[in-house]
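Hi everyone, thanks for coming. Please take a look at the picture with me, and we'll walk through two parts of it.

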Amino acid sequence: MVRPERRTVRDLRRGNRAVLLRTLYFEGPTSRHELSGLTGLSAASVSNVTGDLITDNVVVEAGLVESDGGRPRVLLRVNPEFGYAIGVDVGETHVRVELFDLDMNERAKAEYPLRPARHDVDLVVRHILAGIEAVLAAGDVDPARVLGVGIGVPGIVESGPESLIHAQTFGWDAVPLGTLLRAGTSLPLYIDNGAKTMGQAELWFGAGRGTRHTIVALIGSGAGASIITDGITYRGANSSAGEWGHTKIAVGGRPCRCGGRGCLEAYIGAESILERAGLSIEIPDEQAALADLVREGGPVIEETADYLGAGLANLINLFNPERIVIGGWAGLMLGQHHLTRIKRSAADNSLTQPYETASIVLGRLGPDAVALGAATLVVEDFLLAKAVSPEQRPAAV
Ligand SMILES: [Zn+2]
């Protein structure tokens, strides 16, 4: 039997701390008075908790603002240099490692090219570990000040201590990435699917900002979606939710990289678009080749826009999002030139009411926000008020 949870004063204080920290993080510089209004906490609670946060150096003063008739009010903000987050993008053609402060300013970056069809896990692990060292050195940041490393990977990430990864397109079958990295770093690790990390980046800082029911549809060589319901990424029983690219759009249709047939990805993924246009292109040149094709337009691109619209319609009918953000390098190319046709197809294939309440927009963060998104996994944990100073945190396992 599950025992009812007893809320202690400490729990309450930690809860208040998390609410205030989150508000300060997303609202920017805010006075204590405004914080009380935004959070519903009493002036006394705001004063106590912000006092603690300032003592811990998590929050700092950020100037003064005039108040009506009274003394000027002190603005507070999250200290961008309280700690740092590292974000890693494990992509088809590269491993990219970026160091961010808590304002998500990039402080340093390292990139290692990967040869397509050569995604040996040992090589990827070596690149990630080298990248962590390289960005810490280039950014002149002490590892003790790093709150964690977020890693966006392809495929399905099983939650658990080993972080088993199933990425068919990489030839990774139950690869224990967490365990392998653990041999080379003691920093806390946060591993998730790259589409989900991009989704969180667009939700926090990009085209999804201010929404709570949002789908970020990512199209690159393949296709995936990050489904955010009521502000939280939907994961499903084993974290595989969002494999939108492998929903079927034609029973018995074109073969897909997953081994199935008729998947959406087999029509809208960059590789399949080029194939359908009769072009066989090696992955490093895929982007340039697709850019030319998309600019020229023509029957294959028009058909792709129609399939993409139908795929979005399925998301609209299933999830009733307020906004759909189209991202990923191929998605942005298609959207920039053919958004009208994509929307028309989405309208033709959705129920009228949910279509009319869903806006379809392009991502704002560009195609390279996987590492930024991965770093938000670290910041998300920090905002849950586990915000002790990095020196005080328990040693990672
Ligand atoms: Zn498939």
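Let's start with the open sheet: three strands in the order β8-β9-β10, paired in the antiparallel sense. Strands here are DSSP E runs of at least two residues and helices are H or I runs of at least four, both numbered from the N terminus, and two strands pair if DSSP finds at least two bridges between them. β8 (156-157) and β10 (172-176) are the edges; each has a single partner strand, so one side of each has no neighbour in the sheet. β8 pairs with β9, residues 164-167, over two bridges, and V157 has I165 of β9 as its bridge partner.

A quick word on the source: this is a predicted model, where local features need pLDDT of at least 70 and side-chain atom pairs pLDDT 80 or more, while totals for chains, interfaces and linings use all residues. Residues are numbered from 1 along each chain as its sequence is written, and side-chain values use heavy atoms, with hydrogens and water left out.

Now, helix α3. Which of the residues of α3 are buried? They are V46, V49, T50 and L53, where buried means under 20% relative accessible area and exposed over 50%, with partly exposed in between (1.4 Å probe, protein chains only). These four cover an arc of only 100 degrees around the axis, so they sit on the same side of α3; the arc is taken from the directions from the helix axis to the C-beta atoms. A44 and T55, on the other side of α3, are exposed. Finally, α3 is followed by N57, which has a positive phi, near 70 degrees.
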